[in-house]
Amino acid sequence: MKRFRFKFTLWITKLIIRFMKLLGFNATNIPGEIALKLYPDILKMITPPKCVIATTGTNGKTSTNNMLSQTLRNCGYTVFDNGFGSNIISGIVSCLITNCDLNGVCHQEFACLEIDERSSIRVYKYLHPNYLLCTNLQRDSMMRNANVQFIFNIIDENLPQSTKLVLNGDDLISSQLGKGRNKNRIFFKVLLQKNEICRDNLIKDIVVCPQCGNKIEWDFVRNHSLGQGHCPNCDFASPECKYILKEVKDGNIIVSSNGSDYSYPLVGYRTVDYYNETAVISLLSEVGLKPQEIARGLKNVHIPTSRFTAEKVNGIEILSILSKGMNSVAISSSCDVINKDPRPKAVILNLDDSHDAKKSSEMISYIYDVDFEFFKDAGIKQIMIGGKRSQDYLVRMLYAGIDENIISTSFDPAHSADKLQVDGLEVIYILFDMYDIPNYKKIKEKVIELCRGKK
């Protein structure tokens with residue numbers, strides 16, 4: 001009876017997926033929701049590929065997961081991922097059903113699955129990844145993922161003991177995952193680069209030792225809680241790392257492992273990109289790929305355009321960076337990138353979260369956790385803010401000491417760029433929220449139009 005119910009659910013869901021794709025939909029979430037209603041344990045019945053790689057973490061998991069699957073494909077392996085779909089259990093189910101045969105068997109060599117942190121309790125109950133890569137665990141939206149320790153506990157308590165963990169050794173929080181339970185844990189880190197600017201942020205999610213409560217001493221803090229630290233009172237410290245990004249040079253990164261240095265083409269240019277790529281190299285090395293094979297596979301890999309785009313229009317560079325709304329760490333990282341760019345620039349912020357718009361909250365503390373002080377004296381000629389929270393962002397920037405005369409606001413985010421003056425600019429940054437893409441596209445079209453009209 002169970003087998004019949006499984007087959008019936010599988011075939012019905014496959015028909016729904018095909019029908020939705022004929023209508024032009026991605027069929028990433030709804031088919032999985034239907035399958036779970038018809039057969040809640042369907043994930044248990046599907047036979048996944050021999051190697052399942054899960055990627056989780058607060059920031060960077062989508063870019064990292066896409067980089068993993070692209071690299072494997074470039075190396076000639078058969079692989080599927082949920083890069084275009086949901087990372088909760090319904091999306092995982094849709095992805096597996098799409099890629100399995102009519103008996104529920106996946107014949108590909110690899111599955112690269114991005115998994116939402118809070119979905120751990122539902123996904124890992126049935127699906128035991130061979131490898132789990134965690135990019136980091138940092139402060140996130142208070143409406144979704146709340147406290148970092150809360151999210152850590154959800155992942156840690158539901159990790160299959162058989163899963164090999166690939167963890168960020170520069171993150172004192174996520175590097176503790178599986179400690180004492182998962183025997184196979186390896187770590188990666190990124191060394192301080194020549195002339196790299198490090199500075200304290202407004203927030204840091206770990207300041208005292210979780211073992212004894214003593215204040216942590218930091219060897220260096222790259223940003224927020226990323227860096228190397230230790231407790232002077234006990235043995236709690238950043239772990240020894242097997243994979244180390246030593247240097248970024250001439251469009252390549254040098255990663256050391258087992259005493260040898262290897263060169264790989266650099267994907268991206270931000271510090272977060274260094275971490276994501278080092279994570280990918282570390283994991284694929286553990287899978288068994290050789291450095292030369294990984295380097296070859298990374299050659300034509302690009303950051304997803306949904307996360308970052310760069311283009312030049314009439315001599316002005318337009319840089320669009322995904323900056324999760326209500327996520328102070330993600331927005332601060334983008335502010336840091338802007339601060340380090342010495343060119344004359346304008347900044348457009350479209351950071352209102354559509355989830356917040358549907359179920360609004362009076363809580364705006366995350367705005368005051370963002371390091372808008374990085375915008376002060378940074379060569380910014382204009383700051384344009386769009387959305388219902390635009391006045392809140394304006395007040396925060398005034399507290400940061402930013403000149404009021406360079407700031408403009410628009411209640412309608414689609415008109416954020418209407419007052420843009422392109423003369424004298426070399427670069428325009430657009431920071432946008434992942435849940436308001438339609439308005440972002442309108443803003444970018446306006447920016448391109450104004451740049452083309454420059455004399």
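**Close-up views of a predicted model**

**View 1. Helix α1 has a buried side.** In α1, the buried residues are Phe-6, Lys-7, Thr-9, Leu-10, Thr-13, Lys-14, Ile-17 and Met-20. They lie on the same side of α1, because they cover an arc of only 165° around the axis. The arc is taken from the directions between the helix axis and the C-beta atoms. Buried means under 20% relative accessible area, exposed over 50%, and partly exposed in between (1.4 Å probe, protein chains only). Exposed residues Phe-4, Leu-15, Arg-18, Phe-19 and Leu-22 sit on the face turned away from the buried side of α1. The buried residues of α1 pack against α2 (30-38), α3 (42-45) and α5 (89-99). Contact means heavy atoms within 4.5 Å. Helices (H or I, at least four residues) and strands (E, at least two) are DSSP runs, numbered from the N terminus.

This is a predicted model, in which local features need pLDDT of at least 70, side-chain atom pairs count only at pLDDT 80 or more, and totals for chains, interfaces and linings use all residues. Residues are numbered from 1 along each chain as its sequence is written, and side-chain values use heavy atoms, with hydrogens and water left out.

**View 2. The length and end of α1.** Helix α1 covers residues 2-22. Its 21 residues should span 30 Å at 1.5 Å a residue, and the end C-alpha atoms are 30 Å apart, which agrees. The expected span is 1.5 Å times one less than the number of residues. Gly-24 follows α1 and has a positive phi, near 95°.

**View 3. Helices α2 and α5 cross.** The two helices pack at an angle of about 95°, with their axes 7 Å apart. α2 and α5 are therefore roughly perpendicular to each other. Angles under 35 degrees count as roughly parallel, over 145 as roughly antiparallel, 65 to 115 as roughly perpendicular and the rest as oblique. Axes are lines fitted to C-alpha atoms, for helices over the stretch in contact, and angles run from 0 to 180 degrees between N-to-C directions. From α2, Pro-31, Gly-32, Glu-33, Ala-35 and Leu-36 make the contact. From α5, the residues are Ile-89, Ser-90, Val-93, Ser-94 and Ile-97.

**View 4. Strand β1 is enclosed.** Six of the six residues of β1 (residues 51-56) are buried, so the strand is largely enclosed by the rest of the structure. Cys-51, Ile-53 and Thr-55 point one way, and Val-52, Ala-54 and Thr-56 the other way. β1 pairs in the parallel sense with β3 (residues 110-114) over five bridges. Four bridges join β1 to β4 (residues 131-134), also in parallel. Two strands pair if DSSP finds at least two bridges between them. Thr-55 has Glu-114 as its bridge partner in β3 and Leu-133 in β4.

**View 5. Thr-64 is buried in α4.** Thr-64 belongs to helix α4 (residues 61-74). Its relative accessibility is 0%, so Thr-64 counts as buried. Beyond its neighbours within four places in sequence, Thr-64 contacts Thr-55, Leu-133, Thr-135, Asn-276 and Val-280.

**View 6. An open sheet of six strands.** The order is β12-β13-β17-β14-β15-β16, with mixed pairing. β12 (308-313) and β16 (407-410) stand at the edges, each with a single partner strand, so one side of each has no neighbour in the sheet. Six bridges link β14 (residues 345-350) and β17 (residues 427-432) in the parallel sense. Lys-345 stands opposite Val-427 in β17. Helix α14 (residues 437-452) lies across β12, β13 (316-322), β14 and β17, at about 170° to β17.
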